[in-house]
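Thanks for asking me to look this one over. Here are a few notes to read alongside the coordinates.

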Amino acid sequence: MKTTTLLVACLGLGALVASTHDASAEGRRYNDLRKDKAVRHRRLLVKNRFELAPLFESTMNADFRHIIGGGVKIEYHLSDMLSFGVVGVASTAINTKLVDRISPTLPTADTGASPEPTQAQFLDRLNTMPFHGAAYVSLTPWYGKLAAFSQAYVAFDFYFQVGVAFAQLKSNCDASVCTDDTQGKGKPVVGMDGTTSFVPDNNPKNDTPLNSGGRAGLYLGGGIHVFLNDFLALDLTVRDYAFSDNPSGADFNADGFVGKNSNPDIGTDDRFINHLFFGMGLSIMFPTTVVRTP
Amino acid sequence: MAQPKKGGKPAPTKPAPKGGGGGTAPAPKGGDSGEIELGDDNTPAKPAGGGTGGGSGSAAGGGDAGEIEIDPDKPATNDLATDLNAADAAATQVKAGEVKKTPLSWKDILVVVRKPFLKVRRTELTPMFGTTMNDNMVKHVTLGGELAYYLTDVLAVGVEGQYYAHTFGEPFDLVARQARRLPTVNEYKWSAALDFHYVPVYGKFAIFDKKLITWEVFFTAGIGAGQSEVIPRDTKFPGFTNLLIMPNIGASMRFFITKWFTVNLGMRDYVFYDHFEPPNRSVTMNASAADAKSNADGALINNLMFQLSVSFWLPTSFEYTTFR
């Protein structure tokens, strides 16, 4: 009898404890991962998906003019690691601080004797890049997930790109400023005997800059996707558009004139330059639903 | 690896001898699915991952899968890769097993992979290399080091020192040749700072689906001092030096290679107010260093550096304070 009473008392106490605990559990907060399986299948966030990314891009460490613009990236991911795509950016240009410091110290009128350029000769020969882009293949060797402040758990991947770069360059040197377009040959002078000769002026400050037009070269890129959800990702990229250029439009090789020609007798002032850009975009993945590994 | 949620439902009160059929669920073959067991000091340590199956209630593998084990006496391995491989093996074990529902309170237990690298109360010795990111005229490279102590796993205090060497960039010559202007530049000599580090982000990634690397992001803020020296435009005039108050902020990534070795890369912005050679300098004006310094132009400078470093951690190993 005594044993039975003790057993009933224990059961009653147990029920009371259990009911109290359940009541307190109702107000309890749960972790977001509570309903997840112990081992989750991997979400294939890029495989067989189109990626459309409106983006913003700006030069890093431009010497004379910052190139800032907006564009779009279109990419198709053949597999989890391999993809191909194109990127195109329309841009405007802003003078760097270096240009802003030099320009006011230059004379406004060309005295002829001084080797220093006028403000117009200096500024008008700097080129801009109204449009640039690349076609590339991309390798995504790294993917993973991270925890931020122990609260946000997001997926990410690193990618590397290689391809062909293209750019449209433009400079606006008026004929009244850049008066010498002979690339060192000099303007024709008709002598007393009627023969024509050429007298080079060896003064590069009024030469036409010859830094406009289309360029093609090498494209290298590297970046990271930070997935905000199954179909949106923050896309951060460093891109290098490397091609032949002479951003200042001035005499680089100190041969006395600005030259750009396939003729080996005329020294070119172009050189292969890395145009480094930092890009930030928002990638939208299509289809928007994500497939998981089987 | 399983860890009971704080405030979760208590485990069954019935004492469960190790290896026995505890809990209210019928024990699957070879194990005690659904048990929470406190390790006995006299019990030999179990293989890593032995308790990992607990989250799914699987008992594949024949041992005590499904158990949560508190075993502080378990000897720690000193190899990060071994730990990661053990975690992978444990995951495979869970995948292979049959998902079984039990009436036990497993829903309150989260499967949480233990952080593979602990920093709390450890000292980090970091030789580092840096290079200028945002100065086209004069580029600096630095050699230096930092000694940091982690007060917690996410917060550290440290001291750093750097020695600078400089080279001139292409625009330095171009401006002189093309615009006939001599740039005014300073070189940096050294810097030192007291730094604080905070680690808000950590994660892991797979390389080519083969190798698993854990990493983290940490922010740095510090205060320090440094010295710059004017490079005279005309070498017949002397330069002068400036003592700089140099706060810094930055963000870096750390990749864990072993339990005592990491590779770090990041960006650091050293902010200071520097003084430059005055524009007008002749034998009659600002000829001496003192005169030039008193009439120097000042400017706020952001010296953005990319830094690459490796870290050696002392003590070379660590022990977990939480159970698997």
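1. A word on terms to begin with: helices (H or I, at least four residues) and strands (E, at least two) are DSSP runs, numbered from the N terminus. On that basis, chain A of this predicted model contains 3 helices and 12 strands.

2. If you take the contacts in chain A between residues at least 6 apart in sequence, 70% of them join residues at least 24 apart.

3. Do keep an eye on confidence. The average pLDDT of chain A is 85, and 84% of its residues score at least 70. Residues 19-25 of chain A, however, have a pLDDT below 50, and this stretch makes 1 contact in the model beyond near neighbours in sequence. Where pLDDT is low, the predicted coordinates should not be read in detail.

4. Over in chain B, have a look at strands β8 (residues 185-207) and β9 (residues 211-231), which are antiparallel and joined by 20 bridges. The two form a hairpin with 3 residues between them, and Phe208(B) in the turn has a positive phi of about 50°.

5. Which other strands does β9(B) pair with? One is β11 (residues 248-256) of chain B, antiparallel over 9 bridges; here Ala221(B) has Ile249(B) as its bridge partner. Another is β10 (residues 241-245) of chain B, also antiparallel, over 5 bridges.

Notes. Residues numbered from 1 in each chain as written. Chains lettered and ligands numbered in written order. Predicted model: local features only at pLDDT ≥ 70, side-chain atom pairs only at ≥ 80, totals over all residues. Contact = placed C-beta atoms within 7 Å. pLDDT = per-residue confidence, 0-100. Pairing = 2+ DSSP bridges.
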